Amino acid sequence: MQIQELATEVGFSPNAVARELRTTKAEIAHTLGLSRDALSRASRIGAPKTQTRLRQMLEILNRVEGLVGSALVAYAWFRSEPLPGFADMTPSQLVRDGKADGVHAYLDQVLDGGYA
């Protein structure tokens with residue numbers, strides 16, 4: 001996944017992200033704990049909260065894609081894989097709770113060959 005292809009002058013494009021992940025904007029909004037309007041109304045797409053969560057998700061997916069082989073598998077991992085050490089919360093739950101840095105720390109440890 002080429003993150004730069006998902007960006008516009010306003011920020012990350014929910015339409016482009018949904019196309020890339022072969023899903024809907026509504027599903028992405030739900031995954032990120034955002035309202036449907038956050039990814040469909042022009043006035044809300046550029047909001048800091050919306051763009052921050054999209055960016056955090058894309059950063060994590062980009063890191064995981066190299067490990068799992070595709071953006072689709074990375075997205076499935078993001079939505080469903082409980083992470084040890086985080087009360088078995090999924091990466092999407094952690095991002096919703098403002099703990100994207102914890103997911104990055106987990107990935108750093110795994111990529112360095114450690115166990116999380």
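## A buried glutamine to start from

Gln51 is buried, because its relative accessible area is 12% and buried means under 20% relative accessible area, with exposed over 50% and partly exposed in between (1.4 Å probe, protein chains only). This residue, Gln51, lies in helix 4; helices here are DSSP runs of H or I with at least four residues, strands are runs of E with at least two, and both are numbered from the N terminus. The side chain of Gln51 reaches the backbone nitrogen of Phe12 at 2.6 Å. Such a polar contact is a pair of N or O atoms within 3.5 Å; within protein, one must be able to donate a hydrogen and the other to accept it, and residues adjacent in sequence count only if both atoms are side-chain atoms.

Contact in general means heavy atoms within 4.5 Å. Leaving out residues up to four places away in sequence, Gln51 touches Val10, Gly11, Phe12, Ile45 and Gly46.

## How to read the model

This is a predicted model, in which local features need pLDDT of at least 70 and side-chain atom pairs count only at pLDDT 80 or more, while totals for chains, interfaces and linings use all residues. Residues are numbered from 1 along each chain as its sequence is written, and side-chain values use heavy atoms, with hydrogens and water left out.

## The whole chain

Now step back to the overall picture. The protein chain has seven helices and zero strands, giving the pattern α-α-α-α-α-α-α when read along the sequence. Its C-alpha trace spans about 40 × 25 × 20 Å along the principal axes. A compact globule of 116 residues would have a radius of gyration near 13 Å, and the protein chain has 14 Å, which agrees; the radius is taken over C-alpha atoms, and the globule rule is 2.2 Å times the number of residues to the power 0.38.

Of the 116 residues, 41% count as buried. The protein chain exposes about 6300 Å², with carbon and sulfur atoms supplying 48% of it; accessible areas come from the Shrake-Rupley method with a 1.4 Å probe, and for residues only the protein chains shown count as cover. Among contacts between residues at least 6 apart in sequence, 45% join residues at least 24 apart.

## The nonpolar core

In soluble globular proteins, nonpolar side chains tend to be buried together. A nonpolar core is a set of buried Ala, Val, Leu, Ile, Met, Phe, Trp, Tyr and Cys residues joined through side-chain atoms within 4.5 Å. The largest one here has 31 residues, and Ile28, Met57, Ile60 and Trp77 touch the most other members. Helix 1 (14–21), helix 2, helix 4 (48–68), helix 5 (71–80), helix 6 (91–96) and helix 7 (100–111) each supply at least two residues of this core. Helix 4 gives the most, with six residues.

Not counting residues up to four places away in sequence, Ile28 touches Val17, Ala18, Leu21, Thr23, Leu39, Leu54, Met57 and Tyr75.

Ser92 is found in helix 6 and is buried, with a relative accessible area of 4%. A polar contact of 3.1 Å joins the side chains of Ser92 and Thr90. Beyond its neighbours within four places in sequence, Ser92 is in contact with Thr31, Phe78 and Arg79.

The 12 residues of helix 7 should span 16 Å at 1.5 Å a residue, and its end C-alpha atoms are 16 Å apart, which agrees; the expected span is 1.5 Å times one less than the number of residues. Buried residues of helix 7 are Ala100, Gly102, Val103, His104, Tyr106 and Leu107, and their cover includes helix 4, helix 5 and helix 6. Just after helix 7, Gly113 takes a positive phi of about 90°.

## Loops to visit

Ser40 sits in the loop between helix 2 (25–32) and helix 3 (42–45), where it counts as partly exposed at 42% relative accessibility. The side chain of Ser40 reaches the backbone oxygen of Arg36 at 3.0 Å. Ser40 also touches Lys25 and Ile45, not counting residues up to four places away in sequence.

Two other loop residues have a positive phi without being glycine. Arg22, in the loop between helix 1 and helix 2, has a phi of about 55° and counts as exposed at 68% relative accessibility. Asp88, in the loop between helix 5 and helix 6, has a phi near 55° and is exposed, with a relative accessible area of 53%.
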